[in-house]
Amino acid sequence: MKKTLPLYTIVAATFLLLVGDSLFTTGMFIDGLTYSNIAANMAEGIGDMWHPVHSDSIFPHFYEHPTLAMWMLSLFYRVFGTSLWVTRVYAMLIVLITALLILQLWKHNGHGADTGWLPLLLWILVPVVTLSSHCILLECTMAVFVISAVLCMMHNSPRRWSRFLWTALGGLFLFLAFLTKGFTGLYPLAFPLILWLTDTLYPPSGRQKQTLGKAVLQTLVLTVSMSLCVAILFICCPEAWDYLGKYIGHQVIGGMKAPVVDSRWYIIVKFLKQTLIVFAITAVCLIAAWLTRGKGNNTLPSKEDRHTFLTFLLLTLAGVIPIMVSTKQRDFYILTVFPFLAVALGSLLHNAVESWLSRAGRTFNLATTALAVIAVVCAVWLNASYYGKPGRDIALQNDMQLILPCLEEGEHVAIPDCMREEYSLIYYYYREKKISLMPVSDMGDTTLPYRHLLTDGTPTGLEGGHIHKVPLKTERYNLFNLQKHKTTQI
């Protein structure tokens, strides 16, 4: 391990370099803004796990997803406050836990810690992994439960009851995965049958072979365990039944009718694009291993390696292919499969890597140590240089910092109807001062109780005597003071 410490350091520094322009910035991906705002509300007593609330302007009742991850984040907010930096700490803690679980998967498949950096490197080289790592996406938290469930299913105790208990624990983790992002976290239910198939093709030598009967029994135990968890939840918390019913009706069934992409093959194309670099690295290394085979070098994958590769490749596909059922698809929906793919591809390479490292001399050790130091310095410099900057939505955030001092905490601000779907704008203002941006048509025909109007330059249609522009040097958005009058179309 000591010899490969520089390699672990290089992997960690590479990750920090890949997120260096966004980790310590104030910008956030729109989904992350939504979830963090709801979690902050929970921490402050506005809504709870089964009654999540965003704001009066959008999602006054949130039924888009299960809320376990938001509730977990709210616990951090209750302890440490709702600062953006607490959000980043939570995100990085999830990344660290996921990395440790990947290492456990690696060890469970008979590989040593000396090559544990290999699957970690392949994992972080998937672009969507690093792009999403700090965004508080639900899939990031769900990955922790999904990997934990698979680790429980892999537990190979000689005692039958012990295996049952570990499998039941795996069912609990799958239940938690469902409470995090719904049905997309249940694909590890296919793992027992996948293991039976790969054990049939590559019979194991160091453990009991998975038979079809054992696979069916293990799947049954998982299902019973999950069902018991559901029953206990509904008995102890009847509100959960109402919320999850509305989630299934609104998001699952309703989402099937609301296409986001034109083709059901979208997710397959995205998967191939996201994994192009790691498949290319694996192919190049396998060619090098084949060229350096023989002469006492054990560089080619063993039968056990091929078994691990096929098992986790099939598990990866089990997490990708079902997404094709719906045309509501995004590339981050499959974030949880990339740890398994990293272990699969790493298994093909670990013999070659171990052989090459065993023949590495003092020069290689000095070179990797120097590279590790340089990578760490560059990572620290890059992250520090972006500290506190907008990162994304630059014009929006710069204007917001000029406008916010003119607005009160929790104020309702009018916006034109045409800005109704500027969701990032709405979420940022709520994050900063819990300001609800309300389209005028949602206000009714009563006297306008709002003191300010925010526009992007769109003609308002209001009579000039009723609005007065606030003199601010903004780039894109303008703020107006309003006088009381009847609502007119904006």
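Leaving aside neighbours within four places in sequence, which residues is Val86 in contact with?

Tutor: This is a predicted model, so read each value as computed from predicted coordinates. Beyond its neighbours within four places in sequence, Val86 is in contact with Phe76, Tyr77, Phe80 and Gly81. Val86 itself lies in helix α4, which covers residues 84-108. Its relative accessibility is 10%, so Val86 counts as buried. Now look back along the chain to Leu73. Leu73 and Val86 are 13 residues apart in sequence, and their C-alpha atoms are separated by 9.1 Å.

In soluble globular proteins, nonpolar side chains tend to be buried together. In this model the largest nonpolar core has 126 residues. Within that core, Trp123, Phe338, Tyr429 and Leu454 touch the most other members. Take Phe338. Another core lies apart from the largest one. This other core has eight residues, among them Ala414, Tyr450, Phe480 and Leu482.

Leu217, Leu220, Val224, Leu228 and Ile232 make a nonpolar surface patch of about 450 Å². Leu228, one of these, sits in helix α10, residues 212-236.

Next, the cysteines. The structure holds zero disulfides. Cys135 shows why for one case: its closest cysteine sulfur, in Cys140, is 7.5 Å away, too far for a bond. The cut-off for a disulfide is 2.5 Å between sulfur atoms. Cys135 is buried, at 4% relative accessibility. Cys236 is in no disulfide either, and the nearest cysteine sulfur, that of Cys237, is 8.3 Å away. With a relative accessible area of 64%, Cys236 is exposed.

Finally, charge. Side chains of opposite charge can pair when their charged atoms come close. The count here is seven salt bridges. Glu139 and Lys181 form one of them, with 2.2 Å from N to O. This pair links distant parts of the chain, 42 residues apart. Glu139 is in helix α7 (residues 138-154), and Lys181 is in helix α8 (residues 160-181). Both Glu139 and Lys181 are buried.

Now compare the bridge from Arg451 to Glu408. The closest N and O atoms of Arg451 and Glu408 are 3.2 Å apart. Arg451 lies in the loop between β2 (436-439) and β3 (452-455). Glu408 lies in the loop between α16 (394-403) and β1 (412-415). The pair therefore ties together parts that are 43 residues apart in sequence. Arg451 has 41% relative accessibility, so Arg451 counts as partly exposed. Salt bridges that share partners join Arg451, Glu408 and Glu411 into one network.

One more pair is worth a look. Arg431 forms a salt bridge with Glu432, and their closest N and O atoms are 2.9 Å apart. Glu432 counts as partly exposed, at 32% relative accessibility.

Technical notes:
Residues are numbered from 1 along each chain as its sequence is written. This is a predicted model: local features need pLDDT of at least 70, side-chain atom pairs count only at pLDDT 80 or more; totals for chains, interfaces and linings use all residues. Side-chain values use heavy atoms; hydrogens and water are left out. A nonpolar core is a set of buried Ala, Val, Leu, Ile, Met, Phe, Trp, Tyr and Cys residues joined through side-chain atoms within 4.5 Å. Buried means under 20% relative accessible area, exposed over 50%, partly exposed in between (1.4 Å probe, protein chains only). Patches are made of residues with over 30% relative accessible area and no salt bridge: like charges are joined within 9 Å, nonpolar side chains (Val, Leu, Ile, Met, Phe, Trp, Tyr) within 5 Å. Accessible areas come from the Shrake-Rupley method with a 1.4 Å probe; for residues, only the protein chains shown count as cover. A salt bridge is a side-chain nitrogen of Lys or Arg within 4 Å of a carboxyl oxygen of Asp or Glu. Helices (H or I, at least four residues) and strands (E, at least two) are DSSP runs, numbered from the N terminus. Contact means heavy atoms within 4.5 Å.
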